[in-house]
Amino acid sequence: MTERLAANSAGLSRAAELLRSGGLVAFGTETVYGLGADATDPLAVARIFEAKNRPRFNPLISHFADAAHAFEHVVADDRARALAARFWPGPLTLVLPRRANGWICDLAAAGLPTAAVRVPAQDSTLALLGAVDRPVAAPSANLSGAVSPSDADHVLDGLEGRIAAVLDTGPCRIGVESTVLDLSGPSAVLLRPGGITVEDIEAVIGPVGQSVGSDEPDAPVGPGMLKSHYAPGLPVRLDASDVAVDEALLAFGAPLSGARLVWNLSAAGRLDEAAARLFAGLRVLDREGAALGLRGIAVQPVPDGGLGAAIRDRLSRAAAPRPGSGSGSGGASDLS
Ligand code: TXA
Ligand code: MG
């Protein structure tokens, strides 16, 4: 049963309490309703993908009450500060390098070195974000593939019973998603058109480039996007039923025996726990495996249902052949 909360002080404190304890709470913004979770808690973020039935781990936008809080977690340069001063609160999302001491978890950022941040223009939601006092990850609050919701009824149509609560902040003023602008490199790149136009942005920071490829979060990700995802240096072997002496093991359930280095995604065989531990596991096995002189990562089978689809999708990307990696015997170039 999903709670429907009014945007008054009782509703706001209930919504904040649910978010702070790992629950999923949908809330209105000026663009569309977002499905919020504590972006510092990978298990809470895993539940977003589960509730939406999203078949892959797209990076999510973290929402904040103001720019100062956002910029505690990402590195803002002069361009970012000027745009934030001009357009926040408002329908502009900035992609910026994550700070080493920031709290946005790997799953929310899909393992990328960057994170997307925004301050939405919705007073009750800003009060909620202030009360939560943590980054709040929120994709649109609809089932994967369905249209984005612009009122609380739309949210419940798709997600009733799948989320803890919806904070009813009324209909969304704009109804299309925010503009996403990548400022992580030397030139600004538009990743998704939205509520703020390129002309508006260019008036503040000068020329903006256009990205190629789809901006739709649920669209198939082309091979060109692989480079933007964390890819382990060690080759990855999927659906392993044994493990070689020179392989690290990414286990699921009861681990295969014989590996010197093991990261268990979930000893209990839980998919939400496995999703929450996936990016950290790849990183640790990659780093420590290379230090131990291991030559690859064997991955035990992960079942396909529910979150398993997203986990398997991510693992198959990690295992995909990479440009420039020869299939020669040593594979030492993969370590560089
Ligand atoms: O208006 C909005 O932006 C709504 C409301 C709820 O804030 N949220 C939303 O989230 O549309 P979502 O998850 O549907 O879209 C997030 C977009 C995707 O296109 C995603 O690829 C991009 O932001 N994105 C997020 N993090 C990124 C990153 N680190 N690098 C590049 N793109 C990123
Ligand atoms: Mg969406």
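**Exercise 1.** How far apart do the C-alpha centres of domain 1 and domain 2 lie?

*Solution.* The model is predicted: local features need pLDDT of at least 70, side-chain atom pairs count only at pLDDT 80 or more, and totals for chains, interfaces and linings use all residues. Residues are numbered from 1 along each chain as its sequence is written, while chains are lettered from A and ligands numbered from 1 in the order in which they are written. Start with the bounds, which come from an automatic or database domain assignment: domain 1 is 3-214 and domain 2 is 229-322. Their C-alpha centres are 29 Å apart.

**Exercise 2.** Describe the contact between the two domains.

*Solution.* Count the residues in contact (C-beta atoms, placed from the backbone, within 7 Å): 15 residues of domain 1 meet 14 residues of domain 2. Then sort the domain 1 side by class: 9 nonpolar (Ala, Val, Leu, Ile, Met, Phe, Trp, Tyr, Cys, Pro), 1 polar (the others, Gly among them) and 5 charged (Asp, Glu, Lys, Arg).

**Exercise 3.** Are the residues of β3 buried or exposed?

*Solution.* A residue is buried if 20 or more other C-beta atoms, placed from the backbone, lie within 10 Å of its own, exposed if 12 or fewer, and partly exposed in between. In β3 (residues 34-38), 5 of 5 residues are buried. Gly34, Gly36 and Asp38 point one way, Leu35 and Ala37 the other.

Conventions. Helix = DSSP H or I, 4+ residues; strand = E, 2+ residues; numbered from the N terminus.
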